[in-house]
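Open your viewer and keep the sequence panel beside it. This tour tells you what to select, stop by stop.

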Amino acid sequence: MSVKVILGTQWGDEGKGKIVDLLSEQADIVARYQGGANAGHTIVISGTKYVLHLIPSGILHPEVHCVIGNGVVIDPLALMEEITMLEGMGINIDGRLHISHKAHLIMPYHKMLDAAREKQQGSIGTTGRGIGPAYFDKALRIGIRIVDLLDRNALRDKLRLNIEEKSQLLQKIYGSAPLIVDELIDEYMAFDSKIDPYITDTTSLLNNALKDGKSVIAEGAQGALLDLDHGTYPFVTSSNPTSGGACTGLGIPPTSITSVLGVVKAYSTRVGNGPFPTELHDADGELLRSEGHEFGATTGRSRRCGWLDIPALKYSCMVNGVSEIALTKLDVLGAFSELKICTEYEVDGKNVKHFPADVHTLERVKCKYISMQGWNSDIVSVKSFKDLPQQAQNYIMKIQDLLEVKINLISTSPARADTFAI
Ligand code: GDP
Ligand code: IMO
Ligand code: MG
């Protein structure tokens, strides 16, 4: 029995999809525990690119079962699109995809509310996928769950109340057109029969699998610094990508977790608004963006780029209990002759001991950097640590020393094959 949580340690897009896909080879089940179609997890196999938003990144392994846990918020439209996309690419998901009957549904009004809020001052820069409003309804105890699809009359009543309330909100506060209740109800009723074959009690499925000695990967979406409780609030997502979220989002006990693999991108990126201490607004930032193809897998937005941020990563390793690291996109740094790593924050000339909880302080921190020699060469074809240029080895070892967590895996391209253990 084992549960390996694989999660993002930064602001998302660390390359979780690639690492989960790679390690799925040794897993029986891969389970997503939070977030929704705001995620975009990219996997590249033999030149074919797959971008997954809701379906776990183990789905490309024919023997692996995939779970969408209770902590995920599911947009049925996005889910159907993804299933169709996978089937079109020859991936058979029948009997392998299991969706929690306790997961909440994203409704069209959630996306409308998300878009309307984003037009207000101080916007978060969300993905517009209705994530915040769906979790809001969940916390308010008025959300529609997958299980509600099974009782048509109760669903109709619940939906009607929700739609009437949201329609008023959208009209009064955001000046939107009213929602047509019956149209929406009919549309959602239709999802019932399509999703039905996949719906099950995933909590029992997972716990029984663990009892039978199976190995599970819990796949995080977003990243620790976007966590609702531990991230750079309010510029965060509305769920818990940190390791604790795996337990609540899947219904598995904390004692079942055997390791926490933190995916660390060799530099930093952030998409959307909010503090970003090491952000670069110069040619180096541009070079990171162009070399790393730093454009969002979900929205296509350009990602903000900067140097690696050790204070943020130390905090992330602490909060998640990271026991091993996969370092991704090391190849991107091959374009630089000099690399920088932020090792400390200062505010008003004083060293900051803890990762600041408030964004105003985080926006004011001054980063102290160490400089390292770059390797200025292409490392994509390198297949072992000892064959890496000395400067690249130094960069990896420096990060390992600073974080005091073992780096176990190095990734040097989007492809499954370009990864090696150290
Ligand atoms: P995720 O959300 O954490 O799964 O990451 P994304 O898929 O949103 O973004 C990571 C991007 O980097 C994708 O386009 C991946 O194909 C790509 N990628 C992953 N690992 C590497 C790597 O080691 N090198 C390079 N150059 N690209 C990578
Ligand atoms: P993956 O799983 C990067 C960001 C959005 C925004 C904030 C809140 O691919 O790493 P939301 O739509 O969740 O309410 O937006 O979170 N965000 C992500 N950034 N990668 C993601 O997912 C993200 N999911 C949400 O840009 O700043
Ligand atoms: Mg992504």
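The stops below run from the whole chain to single residues.

**Before you start**

This is a predicted model, so local features need pLDDT of at least 70 and side-chain atom pairs count only at pLDDT 80 or more, while totals for chains, interfaces and linings use all residues. Residues are numbered from 1 along each chain as its sequence is written, chains are lettered from A and ligands numbered from 1 in the order in which they are written, and side-chain values use heavy atoms, without hydrogens or water.

**Stop 1: the whole protein**

Show the cartoon. The protein has 12 helices and 20 strands. Both are DSSP runs numbered from the N terminus: helices are H or I with at least four residues, strands are E with at least two. The radius of gyration is 22 Å, close to the 22 Å from the globule rule for 422 residues, so the protein is as compact as a globular protein of that length. That radius is taken over C-alpha atoms, and the rule is 2.2 Å times the number of residues to the power 0.38. Along its principal axes, the C-alpha trace spans about 65 × 50 × 40 Å.

Now color by burial. Buried residues make up 56% of the 422 residues. Buried means under 20% relative accessible area, exposed over 50%, and partly exposed in between (1.4 Å probe, protein chains only).

**Stop 2: the magnesium ion**

Select ligand 3, the magnesium ion. Which protein donors does it have? They are Asp13 (OD) and Gly40 (O), lying 2.1 to 2.2 Å from the ion. Asp13 is in the loop between strand 1 and helix 1, and Gly40 is in the loop between strand 2 (29-32) and strand 3 (41-45), so the pair ties together parts that are 27 residues apart in sequence. Donors are N, O and S atoms within 2.8 Å of the metal (3.2 Å for Na, K and Ca); water is not among the atoms, so sites may look incomplete.

Stay on Gly40. This residue is buried, at 13% relative accessible area. Then click Asp13. Its phi is near 60 degrees, a positive value in a residue other than glycine.

**Stop 3: helix 3 and its cover**

Select residues 108-118, which form helix 3. Its buried residues are Pro108, Tyr109, His110, Leu113, Asp114 and Ala116. Their cover includes strand 8 (104-105), helix 4 (131-140), helix 5 (152-172) and helix 6 (181-195).

Zoom in on Asp114. Its relative accessible area is 6%. Not counting residues up to four places away in sequence, Asp114 touches Thr126, Gly128, Arg129, Gly130, Ile131 and Pro133. Contact means heavy atoms within 4.5 Å.

Move on to Ile131, in helix 4. Is Ile131 buried or exposed? It counts as buried, at 4% relative accessibility. Its contacts include Gly36, Ala37, Val73 and Thr237.

**Stop 4**

Go to Tyr233 and Pro234. The peptide bond from Tyr233 to Pro234 is cis, with omega near 5 degrees. Pro234 sits in the loop between strand 10 (215-219) and helix 8 (244-250).

Last, pick His293. Its phi is positive, about 45 degrees, although His293 is not a glycine. Look for it in the loop between helix 9 (283-291) and strand 13 (304-306). His293 is exposed, with a relative accessible area of 61%.
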